[in-house]
Amino acid sequence: MTHKSVETLEECGVSLSWHAPGVETLIPNGKRNPAASVMLALLAELARGEVELLRERINSGLAEAQQAGWNDNRPRNVPPKAQGHRSPLEVGQSVRNTAKLSGKGFSMVVRVKTALAI
């Protein structure tokens, strides 16, 4: 099995052209255009900075949500719409029966039961 060497676009004589500012990555003699290299390096750095800023914003929002009592975008306490599940569970009804009586999902009733520590 023979391996062919991998050539870069520059080695193959391929030039990328950016029409708006009129910049090409290779100059007519086939060498790298220093202005294009600087512009691409600057754009790459700006993109890296944007990713870093986005990461900081996301982590800041997650930390704020955790301090406010949210976990995985859900409140830690019992959701207000689940208030009707309390009485059947408190009187000893099973989770499955409570779900059937209330018309809510089984997992919702389990979460309410866990939150109420019944």
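Here is a short chat about the predicted model shown above.

Me: What should I keep in mind, and which pattern does the protein chain follow along the sequence?
Reply: Residues are numbered from 1 along each chain as its sequence is written. In this predicted model, local features need pLDDT of at least 70 and side-chain atom pairs pLDDT 80 or more, totals for chains, interfaces and linings use all residues, and side-chain values use heavy atoms, leaving out hydrogens and water. With helices (H or I, at least four residues) and strands (E, at least two) taken as DSSP runs numbered from the N terminus, the chain has 4 helices and 4 strands, in the order β-β-α-β-β-α-α-α.

Me: How much of the protein chain counts as buried?
Reply: Good one! Buried means under 20% relative accessible area, exposed over 50%, and partly exposed in between (1.4 Å probe, protein chains only). Of the 118 residues, the buried share is 14%.

Me: Is Leu46 buried or exposed?
Reply: Leu46 lies in helix α1. Because its relative accessibility is 52%, Leu46 counts as exposed.

Me: Which residues of helix α3 are buried, and which exposed residues does the face turned away from them carry?
Reply: Helix α3 spans residues 95-102, and its buried residues are Val95, Thr98 and Ala99. They share one side of α3 because they cover an arc of only 100 degrees around the axis, taken from the directions from the helix axis to the C-beta atoms. An α-helix has 3.6 residues a turn, so residues three or four places apart point the same way. The face turned away from the buried side carries the exposed Arg96, Lys100 and Leu101.
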